[in-house]
Amino acid sequence: MQSFTIFAEQALTQAGWQSDVLVSVDTDGRIASVEAQREPSGHTNKAAVLLPSPANLHSHAFQRAMAGLTERRGPDPRDTFWTWRELMYRFLEKLTPEHVEAIAAFVQMEMLEAGYAAVGEFHYLHNQPGGEAYANPAELSLRIIEAAKQTGIGLTLLPVLYQQGGCDGRALQGGQMRFANSINSYTALHETASNVLAELPPDAVMGVAPHSLRAVSREDLAEVITFAPSAPVHMHIAEQTAEVEEVEAAWGRRPVEWLFDNHEVDERWCLIHCTQMQPDETTMLARSHAVAGLCPITESSLGDGIFEGANYLTQAGRFGVGSDSNIRISLAEELRTLEYSQRLRDRSRAVLATPDKSTGRILFESAAQGGAQAAGRNVGAIEPGKLADLVALDAHATNLLGKSGDAILDSFIFAGDDRLVTDVWSAGRHIVHEGRHFAHEAIEHRYRQVITALGEQL
Ligand code: ZN
């Protein structure tokens with residue numbers, strides 16, 4: 001990569017909002033300097049508004065292809081998950097490695113165009129239909145890596161250990177067999193995927209993901225988190241009430257309580273879906289400096305519940321956002337949904353705002369910092385030494401006309417949408433120009449072929 005500069009009319013830097021900011025990026029994709037009140041220099045990229053780009057901290061790429069197909073009810077009125085689960089298992093009988101790669105590339109491209117420079121892929125689809133391993137057991141992890149090669153997104157790969165059907169250790173069945181690994185097969189898979197991940201640019205990160213307390217044995221949970229002692233650990237926690245009840249019945253503690261009693265939960269950890277927590281659990285999580293991985297669009301789509309946002313933030317809790325089921329990829333909407341869920345519950349306005357920062361500013365900065373921590377990337381702020389994960393907005397768009405400071409973020413999140421995104425850089429790679437990914441057409445074309453083929457088979 002060649003070094004380059006970006007001249008921004010307004011930028012959200014570590015010193016707050018600044019005008020006429022010249023950001024220099026080195027050959028290794030790192031920010032070398034940030035200077036305000038400057039003139040544009042020679043070979044300068046122009047940005048109206050420049051922001052640190054939040055990482056999308058939780059995605060299951062293949063589920064993108066199910067979007068819009070699971071909004072009906074099944075035969076049992078009490079089982080509102082029926083159509084979602086049915087479709088997922090039918091999908092799982094059909095998905096080939098080529099499909100997985102094409103879907104992952106498409107959704108990564110959408111993420112980039114929405115303003116996310118990086119993604120944490122919580123990857124749990126490992127085996128062939130029926131459960132047999134591929135000739136290369138890491139085949140589908142390699143397809144995610146291949147997609148990242150095509151899109152240029154900053155990848156944090158989180159291969160998932162999924163062992164059992166519940167806390168009692170019952171075996172996996174049916175469609176779930178595609179997720180299954182023993183600790184030994186997982187160890188081999190993780191090693192192979194780590195070796196291939198090294199082919200990506202050096203900002204790519206390898207983490208571990210014990211799926212959830214009910215899907216991993218207690219012994220193997222203790223082992224898997226030692227794999228890479230400084231790498232991110234992601235786990236689903238307390239998503240639905242049934243899950244909380246199952247863990248409580250089996251182990252006598254609620255999931256968050258059990259985890260904190262038995263493990264050293266610290267900055268490495270990202271707990272996904274903290275939708276079912278008691279006030280003491282919210283406090284424990286905030287004090288641990290772990291990241292709460294919130295997925296407000298998916299949690300709304302699945303009817304999971306609402307995070308204790310106000311309580312958590314007043315205790316300096318850290319959070320980021322993820323697109324999870326990928327039913328809709330929109331950075332602005334993900335953040336808006338988080339705040340609106342709080343407002344609807346509390347019948348209040350600007351719930352997450354503080355006296356000196358607006359709602360949009362708190363949402364955006366928190367997601368940038370929490371996303372960086374959860375993804376294990378040295379990003380999340382525009383300051384020297386950080387990797388250049390950056391997003392530019394079009395200040396001349398009608399929704400941003402005449403706006404400055406926090407009102408820019410409030411307008412982007414509450415009035416605008418991803419169409420305001422003009423440019424995205426991931427670790428200095430300039431991937432989105434004028435709102436469009438550099439390989440948009442080829443990636444979309446391939447995805448359309450896959451959707452057509454899958455649609456005929458379902
Ligand atoms: Zn998830």
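Keep in mind that the model is predicted.

Let's start at the metal. Which residues hold the zinc ion? The protein donors are His58, His60 and His236, each through NE2, together with Asp324 through OD. They lie 2.1 to 2.5 Å from the zinc ion. If you like to read such sites as a sequence pattern, the donor residues are spaced H-x1-H-x175-H-x87-D. What about the geometry? For four tetrahedral donors the ideal angle is 109.5 degrees. Here the four donor atoms subtend angles of 79 to 172° around the zinc ion, so the arrangement counts as irregular.

Four strands, in the order E10-E11-E12-E13, make up an open sheet with parallel pairing. Strand E10 (233-236) and strand E13 (318-321) sit at the edges with a single partner strand each, which means that one side of each has no neighbour in the sheet. From one strand to the next, the twist averages 25°. Now look inside the sheet, at strand E11 (residues 269-272) and strand E12 (residues 291-294): these two run parallel and are joined by three bridges. For a landmark on that pairing, find leucine 271, which stands opposite alanine 292 in E12.

Finally, the empty space. Rolling a probe the size of a water molecule over the atoms shows where space is left over. How many cavities of 30 Å³ or more turn up in the whole structure? A search finds two.

The largest cavity holds about 70 Å³ of space. Its lining is made of Gln63, Met66, Ala67, Thr70, Trp84, Ser301, Ser325, Asn326 and Ile327. By type, that lining divides into four nonpolar and five polar residues, with no charged ones.

The second largest cavity has about 50 Å³ of space. Around this cavity you'll find Leu12, Thr13, Gln14, Pro52, Glu365, Gln369, Gly380, Ala381 and Ile382. Strand E1 (4-13) and helix H12 (359-375) are the elements that give two or more residues to the lining of this second largest cavity. Its lining splits into four nonpolar, four polar and one charged residue.

How values were computed
Residues are numbered from 1 along each chain as its sequence is written. This is a predicted model: local features need pLDDT of at least 70, side-chain atom pairs count only at pLDDT 80 or more; totals for chains, interfaces and linings use all residues. Side-chain values use heavy atoms; hydrogens and water are left out. Two strands pair if DSSP finds at least two bridges between them. Axes are lines fitted to C-alpha atoms, for helices over the stretch in contact, and angles run from 0 to 180 degrees between N-to-C directions. On a 1 Å grid over the protein atoms alone, a cavity is a set of points where a 1.4 Å probe fits but cannot get out, and a pocket is an open set with protein on both sides within 12 Å along at least five of seven lines; lining residues have an atom within 4 Å of a point. Grid points are joined across faces, edges and corners, and a volume is the space filled by probe spheres set on the points. Ala, Val, Leu, Ile, Met, Phe, Trp, Tyr, Cys and Pro count as nonpolar, Asp, Glu, Lys and Arg as charged, and the others, Gly among them, as polar. Donors are N, O and S atoms within 2.8 Å of the metal (3.2 Å for Na, K and Ca); water is not among the atoms, so sites may look incomplete. Four donors count as tetrahedral if all angles lie between 85 and 135 degrees; four count as square planar and six as octahedral if opposite donors are over 155 degrees apart and all others between 65 and 115; anything else is irregular.
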